[in-house]
Amino acid sequence: MLDPVQISPLRLSDVEAAFNLGFVEGWNQTKEDWLRLLKHQPDGCFGAYNEGRLVGTVATAIYGSELAWVGMMLVERECRGSGIGRKLMLTALEYAKARVGTIKLDATPAGRTLYETLGFVPEAGIERWEKCGTPPQVGADSVVVDTTKVNEICKIDRQSFGADRTAMLKLLSHQSCAQPVIVNTDGNACGYAMARPGSRAIYVGPIVSTNLLRRSSLLDSMVGQFPGRSIYVDLYKGSSASSDILSAKGFVKQRDLTRMYWGRTSRAGLSPSIFAIAGPEIG
């Protein structure tokens with residue numbers, strides 16, 4: 001009997017349906033996030049279609065010649081338990097491993113078991129922290145970020161993250177809802193912070209700094225631009241900074257994620273200079 005569920009490249013016309021799948025599950029991603037992923041990796045985003053209807057998604061992002069990130073893995077609640085998630089992940093794995101030797105993702109507790117059966121290995125923890133307030137304004141204008149500032153951010157990130165996310169960060173800058181903040185030590189740029197609107201909260205991240213003392217000021221500078229708004233920060237637990245920084249500013253821990261890898265071991269995404277990640281779907 002022909003399987004009614006087919007895995008195919010995600011189409012631009014599916015963005016609305018893909019967004020709705022995540023929103024129903026409480027995700028913070030927006031339609032613009034999906035458009036960014038499709039622009040970054042047009043042939044690396046996939047959908048599960050049941051008689052033409054989108055019932056599941058997964059996306060990949062290739063960073064240079066060594067690392068891929070998998071995210072946006074979701075199956076409609078009514079269709080779970082039928083192997084669709086495994087099919088999506090196998091498709092993403094085949095796509096990514098043909099291009100790089102290391103594949104990473106940030107797993108929810110619900111997804112971790114599947115990923116382990118596919119050979120993913122836990123390597124670090126992520127914590128979602130939330131500051132309650134009013135949700136972002138729908139359709140709010142993004143800010144224009146100076147090219148020089150974006151290039152500086154990309155330079156810092158290459159040194160700290162351990163892989164080349166230049167293309168992704170440039171696309172991310174177009175979604176900025178506040179000017180990114182860059183801090184310096186002895187005249188040299190040592191850290192940065194960015195923020196973008198989510199469907200439920202402002203997402204603050206990445207926050208990266210090689211100077212421990214500047215991370216709190218980076219967080220303050222960014223969070224201070226959104227008084228009274230709901231804000232999410234995904235704290236990297238391998239950071240040399242403590243979650244006390246967040247709790248002292250009124251944030252409350254919401255949930256845990258597990259950073260996992262497949263293939264060759266890699267230090268990408270594991271630097272202690274990473275305070276907050278760029279997002280579970282992009283590392």
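**Exercise 1. Find which residues of helix 3 meet which residues of helix 4, then describe how the two helices cross.**

*Solution.* Start with the touching residues: Gly 85, Arg 86 and Met 89 in helix 3 meet Leu 114, Tyr 115 and Thr 117 in helix 4, where contact means heavy atoms within 4.5 Å. Helices here are DSSP runs (H or I, at least four residues), numbered from the N terminus. This is a predicted model, in which local features need pLDDT of at least 70, side-chain atom pairs count only at pLDDT 80 or more, and totals for chains, interfaces and linings use all residues. Residues are numbered from 1 along each chain as its sequence is written, and side-chain values use heavy atoms, with hydrogens and water left out.

Now the geometry: the axes of helix 3 (residues 84-97) and helix 4 (residues 109-117) come within 11 Å and cross at roughly 55°. That makes helix 3 oblique to helix 4. Axes are lines fitted to C-alpha atoms, for helices over the stretch in contact, with angles from 0 to 180 degrees between N-to-C directions. Angles under 35 degrees count as roughly parallel, over 145 as roughly antiparallel, 65 to 115 as roughly perpendicular and the rest as oblique.

**Exercise 2. Work out at what angle helix 1 and helix 2 pack, and which residues make the contact.**

*Solution.* Helix 1 (residues 15-24) and helix 2 (residues 31-40) pack at about 125°, their axes 9 Å apart. The two are therefore oblique to each other. From helix 1 come Val 15, Glu 16, Ala 18 and Phe 19, and from helix 2 Lys 31, Trp 34, Leu 35 and Leu 38. By class, this contact has six nonpolar, no polar and two charged residues.

**Exercise 3. Locate Gly 228 and decide: is Gly 228 buried or exposed?**

*Solution.* Look in the loop between helix 7 (212-223) and strand 10 (231-236), with strands being DSSP runs of E, at least two residues. Gly 228 is exposed, with a relative accessible area of 53%; buried means under 20%, exposed over 50%, partly exposed in between (1.4 Å probe, protein chains only). Leaving out residues up to four places away in sequence, Gly 228 touches Gly 133 and Thr 134. Finally, Gly 228 and Cys 132 are 96 residues apart in sequence and 7.9 Å apart in space, C-alpha to C-alpha.

Note on methods. Nonpolar A, V, L, I, M, F, W, Y, C, P; charged D, E, K, R; others polar.
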